[in-house]
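Please walk me through this structure, with the cut-offs behind each term.

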Amino acid sequence: MDTAVLTLRGRGDRGEGGDRRVQAEACHMHPLPAGRPLSPLNKKRMAEVPMSCDCFVSLPPGSRDDHVIFGKNADRPRDEVQEVAHYPAESHPPGSMLECTYIQIPQVEQTRAVVLSKPAWMWGAEMGANDQGVCIGNEAIWTREPVVPGEALLGMDFVRLGLERGDSAWSALTVITSLLEQHGQGGQCKEDPVPFSYHNTFLLVDRNEAWVLETAGRLWVAQKVTKGVKNISNQLTIGTEVTAEHPELRGVAQARGWWDGEGEFNFAQVFSPENPPARMELAKQRYKGGTELLQQHDGSVTAAVMMSILRDKPSGICMDSGGFCTTGSMVSVLPRDTSMPCIHFFTGTPDPSRSVFKPFIFSDFSTPVLRVVSPQFGPDDPVRKQPRFQSQVDRRHDLYKAHQVALSTMETNPDEASAVFEILRELESQCLSEISAILSGEISGEELGDLFFDSVDTEIKFYQ
């Protein structure tokens with residue numbers, strides 16, 4: 001097995017007559033302690049951890065540097081494959097239609113380049129970024145507004161639509177709220193015939209600010225965040241500090257007897273369900289744990305700190321509970337200085353404590369990274385056939401398969417697995433140092449469009 005050198009190639013290494021190489025090291029993986037399987041006691045403890053997703057943001061002065069830091073764990077059904085897919089900017093004919101996960105909507109004439117971490121079976125995404133430095137993640141939520149049966153736009157569809165059509169966090173928010181009012185939200189949220197649907201909250205971030213967007217049916221409320229740290233989970237968090245809202249929000253609340261129209265309007269109190277599902281109640285522990293972790297690092301948040309938060313198992317943020325686990329993770333660094341590139345790190349594999357975050361930078365010369373993209377099944381896909389989800393297909397991509405083998409080795413040969421993970425753990429630190437040097441201007445960040453390609457390729461080789 002080769003040790004420790006990932007070559008990050010520029011265009012000159014892609015057949016255009018150069019041999020420029022940027023020495024940096026592959027990005028990172030943290031093993032379980034000593035690479036050993038979980039004890040029965042720890043398995044029991046983890047089975048009791050609340051199930052939910054978590055989104056985080058740090059804006060200066062919460063960040064150590066003049067950067068906005070975004071992070072998210074996507075907690076999904078255990079066997080669901082999450083792919084990392086890059087879609088370039090594209091022009092579309094006037095009047096064309098867009099096929100989302102379940103419904104068609106009118107397409108816009110121009111969409112932005114996006115990179116998405118997405119469940120492989122759906123059109124939308126759990127989280128992602130666009131070439132304008134906008135990042136979005138979503139969370140499941142239940143409110144007093146009932147989840148309407150039938151198919152509409154999924155919360156994950158809104159994430160992708162906001163990224164494809166928005167050039168700032170606020171403009172992406174207006175894209176989402178407009179489409180929410182027009183088309184509604186709903187539909188099956190997992191690849192299974194057993195009904196499971198919900199409403200959504202979103203964290204939208206750019207180089208300057210963040211927005212929390214919380215929805216209830218077609219209604220919505222938003223809160224602007226301009227400094228410090230903030231996290232969201234599977235619950236309503238916007239109280240009286242409302243920055244923007246649906247024009248009929250308070251009227252609906254008053255008409256339904258949820259608010260008397262006279263006292264202070266507290267969205268979370270007014271719209272939280274009287275008998276919330278256990279998932280929401282348990283998520284309060286994770287929300288509190290995430291808030292505490294952010295506050296511990298307030299003023300010193302970096303990409304490495306955000307990754308450590310996403311890997312935190314005692315809080316349940318790195319989740320492994322029953323049929324759900326953290327299936328993909330993302331961390332983004334958005335420098336306030338617009339001359340600096342935004343860096344987006346993705347795992348593309350489950351459990352960030354045993355996965356590698358790999359850096360992606362938007363470039364006109366990026367090599368497609370097909371080894372983290374799942375196979376396509378066209379009209380024969382069980383998602384497209386009616387009735388839906390009557391069978392399953394193998395959506396595993398190359399990186400997912402290699403990672404599964406590595407986790408299996410951890411169980412059967414912990415010493416060998418631990419050695420591999422220790423190498424990757426060291427490479428993570430070196431990779432982050434290289435990125436930090438690029439963002440501080442100490443070294444050139446030119447021609448790093450293939451950074452993600454080379455990182456994925458190197459990780460797979462380490463597993464073989």
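The text below goes through strands, the pocket, ring contacts and cysteines.

This is a predicted model, in which local features need pLDDT of at least 70 and side-chain atom pairs count only at pLDDT 80 or more, while totals for chains, interfaces and linings use all residues. Residues are numbered from 1 along each chain as its sequence is written, and side-chain values use heavy atoms, with hydrogens and water left out.

Helices (H or I, at least four residues) and strands (E, at least two) are DSSP runs numbered from the N terminus, and two strands pair if DSSP finds at least two bridges between them. Strands of a sheet pair through backbone hydrogen bonds, either parallel or antiparallel. Eight strands form an open sheet with antiparallel pairing, in the order β5-β10-β11-β12-β13-β14-β15-β17. Its edge strands, β5 and β17 (244-245), each pair on one side only. Within this sheet, strand β12 (residues 135-141) and β13 run antiparallel and are joined by seven bridges. Ile-141 stands opposite His-199 of β13.

Strand β4 (residues 67-77) pairs elsewhere. β4 and strand β19 (residues 324-335) are antiparallel over 11 bridges, with His-67 facing its bridge partner Pro-335 in β19. Strand β3 (residues 54-59) is also antiparallel to β4, through five bridges, and Phe-56 stands opposite Gly-71 in β4. Because 11 of the 11 residues of β4 are buried, the strand is largely enclosed by the rest of the structure. Buried means under 20% relative accessible area, exposed over 50% and partly exposed in between (1.4 Å probe, protein chains only).

The largest pocket holds about 680 Å³ of space. Of its 36 lining residues, the closest to its centre are Glu-83, Tyr-87, Lys-118, Arg-160 and Gln-376. β5 (82-87), β10 (114-119) and α10 (451-463) each supply at least two lining residues, and β5 gives the largest share, five residues. On a 1 Å grid over the protein atoms alone, a pocket is an open set of points where a 1.4 Å probe fits, with protein on both sides within 12 Å along at least five of seven lines; lining residues have an atom within 4 Å of a point. Grid points are joined across faces, edges and corners, and the volume is the space filled by probe spheres set on the points.

Arg-160 also lies over the face of Tyr-87, at 4.1 Å from the ring centre. The charged end of Lys-190 likewise sits over the ring of Phe-196, 5.4 Å from its centre. Such a contact needs NZ of Lys or CZ of Arg within 6 Å of the ring centre and within 35 degrees of the ring normal.

The structure holds 12 aromatic pairs. The rings of Phe-158 and Phe-202 have centres 6.3 Å apart and planes at 90°, so this pair is edge-to-face. It links distant parts of the chain, with Phe-158 in helix α2 (residues 155-165) and Phe-202 in strand β13 (residues 199-205), 44 residues apart. Both Phe-158 and Phe-202 are buried. Rings of Phe, Tyr and Trp (its six-membered ring) pair if their centres lie within 6.5 Å; planes under 30 degrees apart count as stacked, over 60 as edge-to-face and the rest as tilted. Ring pairs also link Trp-142, Phe-196, Tyr-198 and Phe-324 into a cluster.

There are zero disulfides (pairs of cysteine sulfur atoms within 2.5 Å). The sulfur of Cys-53 has its closest cysteine sulfur in Cys-55, 7.4 Å away, which is too far for a bond. Cys-53 is buried at 7% relative accessible area, and Cys-189 is buried at 2%.
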